[in-house]
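Please keep the sequence and the coordinates at hand while reading.

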Amino acid sequence: VDRDLVERAKSGDREAFAILARTRSDRLFGIAHRILRDIGRSEDAVQQTLVIAWRELPRLRDPDRFEAWICRLLVNACYLEARRARQWSANVRLLPTEGPAAPDATLSIADRDQLERGFRRLPPDQRAILVLRHYLGLEPAEIAETLGIPLGTARSRLHYAHRAMRAALEAVERSVAVGGGSRR
Amino acid sequence: MTTQRDLERALDAFFAEGADEMADRVIDDALRIIDHTHQRSVLGVPWRSRTMNPLARLAAATAAIVIVAGAALYVLSPGSQSVGGPQVTPSPTPSASPLVYKWMGLLAPGTYATSLSWDPSLVFTFTLGEGWESRDINVRQGGHVSVAFYPIENIATEPCSRTLGDPPQTTDDVVRAIEMVATIDAPARSTRIGDRDASYLEFTIDPPEACSAMAFGLIKLPAQTCTPGICNGLGGDWYGLEFGAVTHHHGLSVMDVGRRLVAIDAVWTEDATAEERAALQAVVDSVHLGTPLATPPPSPGG
């Protein structure tokens with residue numbers, strides 16, 4: 001964390017905050033997009049996060065905690081967006097120019113599809129915890145600290161989220177076994 | 001049986017995929033809002049605290065009661081026009097001169113003339129009622145209806161792999177290509193958009209087995225020529241379509257505009273109300289391609 005930038009932004013320096021925002025935005029967007037699975041809503045969540053972060057920054061006591069703090073704001077913004085998403089929206093989107101990512105050697109299309117379906121069925125708090133664990137690589141204690149929840153709660157949510165995702169993967173295995181096909 | 005290690009590895013790979021770059025305009029918009037936003041006083045409750053003291057809780061509850069009571073009095077007062085949820089204005093009133101199109105925000109009712117993120121020779125003029133917001137290449141209202149404006153470069157023959165066929169030359173070519181990959185709800189017919197002839201068809205996309213909506217690229221768009229900061233970093237030369245739990249209907253009008261094929265795509269979800277559909281249709285009915293006509297000279301070598 002650039003402690004000086006955070007201190008300056010805390011005391012009302014908009015330029016310092018702009019630098020903080022620009023240097024964190026891609027990471028925040030990456031997290032939001034993995035939780036929400038929608039570019040427009042992820043952009044909205046990041047935008048809300050930045051505005052709230054600016055407004056609330058004077059209340060952040062320890063500038064070294066800025067990263068965890070803004071991540072918590074983002075996750076909360078994602079929860080709000082996810083609730084809105086239940087209404088669904090007439091979305092169109094511009095897709096990334098480079099086209100679909102090259103398939104990862106460790107995931108078949110069927111696995112990816114089932115994981116996607118399984119993930120979309122999870123409640124937002126379990127989605128967030130999986131993203132913090134597997135996208136950011138945080139340990140349960142760090143997740144608990146970031147989200148401001150007890151360690152036991154973090155472990156429990158992670159357990160249930162893993163269980164749901166395991167069931168999604170095993171559904172693919174069962175269908176392959178029934179269909180007699182071969183799996184990678 | 002999936003071991004914990006297999007699961008962890010699969011999830012690591014799953015989350016490694018996805019968008020990692022945000023468009024600059026999103027931050028620019030946030031910073032513009034921040035320019036007019038005051039920071040909170042440090043005298044308030046610090047971030048670390050998760051509980052409110054009883055006095056603060058009592059004050060908040062009192063304030064909430066006052067606000068709710070005030071809102072109820074306002075809503076129930078005889079002169080109020082805000083009863084019954086969000087207002088929908090199916091027949092927007094055009095304003096005398098076009099309003100300035102703002103990016104990624106709520107748009108005031110009125111008439112807009114904009115190239116969106118396309119080159120300036122393509123000018124879309126349309127009239128919006130209450131509650132419409134701007135996006136990159138579309139406007140949307142209330143979450144259930146949207147109108148997108150874009151030139152078409154090509155149509156994918158296999159959208160999951162984004163395999164392209166021969167570029168369409170006519171509106172009929174576009175219609176035929178869409179018919180090959182979409183479920184047609186209303187066959188193509190002739191219509192008018194502003195003072196131009198157009199082909200109109202309605203379709204939906206059945207979720208394919210081979211890919212998610214994020215990978216599904218149906219329509220190839222030309223390169224955007226955005227104002228700096230508008231679509232930088234977005235990439236975006238494919239038009240993605242939603243499908244899945246809620247059906248998205250497309251009413252696509254395709255026009256031959258000079259040397260370009262241009263689409264007006266009216267999108268509505270299956271749960272859109274009749275009023276929302278009417279508001280959507282009103283926008284489509286108001287569209288015309290203004291001058292200068294989109295007939296750019298051929299570029300060198302093309």
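Predicted model: local features only at pLDDT ≥ 70, side-chain atom pairs only at ≥ 80, totals over all residues.

## A loop residue in chain A

Once its neighbours within four places in sequence are set aside, A:Asp13 is in contact with A:Arg8 and A:Trp54. A:Asp13 lies in the loop between α1 (3-10) and α2 of chain A, and with a relative accessible area of 24% the residue is classed as partly exposed, because the buried class requires a value under 20%.

## Make-up of the two chains

Chain A contains eight helices and one strand, and reading along its sequence gives the order α-α-α-α-β-α-α-α-α. Of its 184 residues, 57% count as buried.

Chain B, in turn, has five helices and 14 strands, and 47% of its 302 residues count as buried. For the contacts in chain B with a separation of 6 or more, residues 24 or more positions apart account for 58%.

## Where the chains meet: α2(A) and α2(B)

Two packed helices are described by the angle between their axes and the distance between the axes. Helix α2 (residues 14-36) of chain A and helix α2 (residues 24-35) of chain B have axes that come within 11 Å and cross at roughly 155°. An angle over 145 degrees counts as roughly antiparallel, and α2(A) and α2(B) are therefore roughly antiparallel to each other. Their crossing is right-handed.

On the side of α2(A), the contact is made by A:Arg14, A:Phe17, A:Ala18, A:Ala21, A:Arg22 and A:Ser25, and on the side of α2(B) by B:Ile27, B:Asp28, B:Leu31, B:Ile34 and B:Asp35. Sorted by class, the residues of this contact are six nonpolar, one polar and four charged.

## Packing within chain A: α6(A) and α7(A)

How are α6(A) and α7(A) oriented to each other? Helix α6 (residues 124-134) and helix α7 (residues 140-147), both of chain A, pack at an angle of about 125° with their axes 10 Å apart. This angle falls in neither the roughly perpendicular range of 65 to 115 degrees nor the range over 145 degrees, and the two helices are therefore oblique to each other. The crossing of α6(A) and α7(A) is right-handed. The residues that make the contact are A:Ile129, A:Leu132 and A:Arg133 from α6(A), together with A:Ile143, A:Thr146 and A:Leu147 from α7(A); by class, they comprise four nonpolar, one polar and one charged.

Helix α6(A) is largely enclosed by the rest of the structure, because ten of its eleven residues are buried. The buried set includes A:Ile129, A:Leu132 and A:Arg133, the residues through which α6(A) contacts α7(A). Also buried in α6(A) are A:Pro124, A:Gln126, A:Arg127 and A:His134, among others.

B:Val139 belongs to strand β4 (residues 138-141) of chain B, and with 0% relative accessibility it counts as buried. Beyond its neighbours within four places in sequence, the residues in contact with B:Val139 include B:Tyr101, B:Leu107, B:Phe126, B:Leu128, B:Trp132 and B:Phe149. B:Leu116 lies 23 residues from B:Val139 along the chain, and the C-alpha atoms of the two are separated by 10.0 Å.

B:Lys220 is found in strand β10 (residues 217-220) of chain B and is buried, with a relative accessible area of 14%. Not counting residues up to four places away in sequence, B:Lys220 touches B:Ile152, B:Glu153, B:Asn154, B:Leu164, B:Asp237 and B:Trp238.

## Cysteines

A disulfide is a covalent bond between the sulfur atoms of two cysteines. With a cut-off of 2.5 Å between sulfur atoms, the count over all chains comes to zero disulfides. A:Cys71 is in no disulfide, and the nearest cysteine sulfur, that of A:Cys78, is 8.9 Å away; seen from A:Cys78, the sulfur of A:Cys71 is the closest and is too far for a bond. A:Cys71 is buried, with a relative accessible area of 4%, and A:Cys78 likewise counts as buried, at 1% relative accessibility.

Note on methods:
Residues numbered from 1 in each chain as written. Chains lettered and ligands numbered in written order. Heavy atoms only, no water. Axes fitted to C-alpha atoms, helices over the stretch in contact; angles between N-to-C directions. Helix = DSSP H or I, 4+ residues; strand = E, 2+ residues; numbered from the N terminus. Parallel < 35°, antiparallel > 145°, perpendicular 65-115°, else oblique. Left-handed = near helix turned anticlockwise from the far one by under 90°. Contact = heavy atoms within 4.5 Å. Nonpolar A, V, L, I, M, F, W, Y, C, P; charged D, E, K, R; others polar. Buried < 20%, exposed > 50% of the residue type's maximum accessible area, 1.4 Å probe, protein only.
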